[in-house]
Amino acid sequence: VEWPRPPSRPDLPGFYGEYPCAALVDEIESGNLRALFVIGGNPASSLPDTPRVAAALGRLEVLAVADVIETDTTAYATHTLPCAGQLERADVPDYVDQYYPLVASQHTAAVVAPGADRRPLWWIATRLGEHLGHRLLPGTLDTATATDDDLLDAFCGRGRLSLDELRAAPTALIAEGPVRGWVHSNVLPDGKWRLAPRVLIDDLARVAALTNTNDTNDTNDADELTLLPRRLLRTLNSQLRGVVAPGGRLDSPVLLMHPDDAARRGIADATNVQLSSPSGSVTATAQLDDSIRRGSVSLPHGFAEPAVGAVTTGRVDTDPLTGMVHQSGRRVHVTPVNP
């Protein structure tokens with residue numbers, strides 16, 4: 001498929017159109033995109049324009065979701081591909097190891113065999129490739145007999161330590177201590193960070209003009225509040241929402257609100273409120289907190305209810321340089337909901 005180029009903005013060099021996920025929904029609605037393969041993602045909860053996203057997912061001819069748990073998106077799936085969980089497969093760190101303070105790695109064997117019909121994701125992808133006439137496994141490996149460790153042997157041969165050494169170790173192995181100086185030699189050959197690209201400097205004038213307009217506009221709604229995002233300690237995006245440690249408690253996606261703002265609107269602590277923007281509205285439970293700034297409210301992302309994506313949008317008012325959705329600073333109204 002040749003994707004159409006988004007509308008250009010000659011006045012803003014570097015602008016490439018709408019927020020990519022909004023463009024994804026556009027392609028579904030237009031009929032250009034009829035099949036979608038989701039790997040460990042949850043677009044039903046993570047994208048803006050939540051009702052529109054839900055309708056688009058329901059229109060797909062094929063929505064195949066590969067994951068280790070049921071998610072908001074699996075409710076719309078035409079095909080679910082249950083993957084082996086973290087304790088059901090052999091593994092080595094990938095991607096996250098770049099954040100380690102040391103050069104280290106670790107091999108972990110499977111603790112239990114995959115339950116039910118779960119399979120490693122590499123096996124699922126390989127079998128789909130075979131059905132499409134493509135061979136994806138390296139060398140002479142065969143889907144019917146290959147194991148997790150066979151794949152690790154094929155892909156982990158360039159490390160400081162061999163995979164056999166990692167397997168034999170009872171815990172992680174450190175190849176060497178912190179490596180410093182590589183930024184100067186590999187990233188900054190001239191020794192300087194480019195902290196202020198011209199395109200960003202030029203855009204400051206637009207932001208300043210917008211701010212001044214908002215400050216002096218007599219038509220501004222004094223009842224509006226500023227929506228701020230936040231993360232919860234015990235959740236990761238839309239994951240771990242229903243997981244409780246022994247003796248622990250679930251995080252609740254409440255709307256934080258300053259007591260003064262609540263009092264002016266007749267809102268009491270722990271009561272239901274309606275949070276609305278030009279994009280839509282959601283119902284949430286208010287929690288009064290004098291540590292949040294007056295004039296602001298905060299709702300966490302990643303929850304199906306309340307879905308903050310219902311009051312954010314990727315169709316208008318996106319960042320002109322990146323096309324990204326404004327997740328912070330949106331103007332909203334908060335009103336009490338009758339019992």
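This talk walks through cavities, a surface patch, backbone features and salt bridges in one predicted model.

Some ground rules. The model is predicted, so local features need pLDDT of at least 70, side-chain atom pairs count only at pLDDT 80 or more, and totals for chains, interfaces and linings use all residues. Residues are numbered from 1 along each chain as its sequence is written, and side-chain values use heavy atoms, with hydrogens and water left out.

Let's start inside. Rolling a probe the size of a water molecule over the atoms shows where empty space is left. A cavity here is a set of points, on a 1 Å grid over the protein atoms alone, where a 1.4 Å probe fits but cannot get out. Points are joined across faces, edges and corners, and the volume is the space filled by probe spheres set on them. How many cavities of 30 Å³ or more does the search find? Three, over the whole structure. The largest cavity holds about 50 Å³ of space.

What lines that largest cavity? Arg230, Arg231, Leu232, Thr235, Asn237, Pro300, His301 and Phe303. A lining residue has an atom within 4 Å of a point. By class, the lining has three nonpolar, three polar and two charged residues. Nonpolar means Ala, Val, Leu, Ile, Met, Phe, Trp, Tyr, Cys or Pro; charged means Asp, Glu, Lys or Arg; the others, Gly among them, are polar.

Keep Asn237 in view. Asn237 sits in the loop between β6 (225–230) and β7 (255–257). Helices (H or I, at least four residues) and strands (E, at least two) are DSSP runs, numbered from the N terminus. Phi of Asn237 is positive, about 55 degrees, and Asn237 is not a glycine. Most residues other than glycine have a negative phi, and most peptide bonds are trans. Asn237 counts as partly exposed because its relative accessibility is 36%. The cut-offs: buried is under 20% relative accessible area, exposed is over 50%, and partly exposed is in between, with a 1.4 Å probe and protein chains only.

Asp49 also has a positive phi, near 55 degrees. Asp49 is in the loop between α2 (43–46) and α3 (50–59). Buried or exposed? Asp49 is buried, at 11% relative accessible area.

Now a peptide bond. The one from Glu305 to Pro306 is cis, with omega near -5 degrees. Pro306 lies in the loop between β10 (296–300) and β11 (330–336). Arg315 is in the loop between β10 and β11 too. Arg315 is partly exposed, at 49% relative accessibility. Arg315 and Ser279 are 36 residues apart in sequence, and their C-alpha atoms are 9.4 Å apart.

Out to the surface. Val179, Trp182, Val187, Trp193 and Leu195 form a nonpolar patch there, with about 590 Å² of accessible area together. Patch residues have over 30% relative accessible area and no salt bridge; nonpolar side chains (Val, Leu, Ile, Met, Phe, Trp, Tyr) are joined within 5 Å, like charges within 9 Å. Areas come from the Shrake-Rupley method with a 1.4 Å probe, and for residues only the protein chains shown count as cover. Trp193 is in the loop between α7 (182–187) and α8 (198–216). Trp193 is exposed, at 59%.

Last topic: salt bridges. One is a side-chain nitrogen of Lys or Arg within 4 Å of a carboxyl oxygen of Asp or Glu. The structure holds 19 of them.

Take helix α4 (residues 121–131). Arg127 and Glu130 both lie in it, three residues apart, about one turn of the helix. Their closest N and O atoms are 2.6 Å apart. Arg127 is partly exposed, at 29%, and Glu130 is partly exposed, at 32%.

Helix α8 has a pair as well. Asp202 and Arg198 are four residues apart there, about one turn. Their closest N and O atoms are 3.4 Å apart. Asp202 is partly exposed at 47%, while Arg198 is exposed at 52%.

Back to the loop between β6 and β7. Asp251 and Arg234 meet in a salt bridge, 3.1 Å from N to O. Both lie in that loop, so the pair ties together parts that are 17 residues apart in sequence. Asp251 is buried at 13%, whereas Arg234 is partly exposed at 34%.

One network to finish. Asp149, Asp153, Asp164 and Arg167 are linked by salt bridges.

Note on methods. On a 1 Å grid over the protein atoms alone, a cavity is a set of points where a 1.4 Å probe fits but cannot get out, and a pocket is an open set with protein on both sides within 12 Å along at least five of seven lines; lining residues have an atom within 4 Å of a point.
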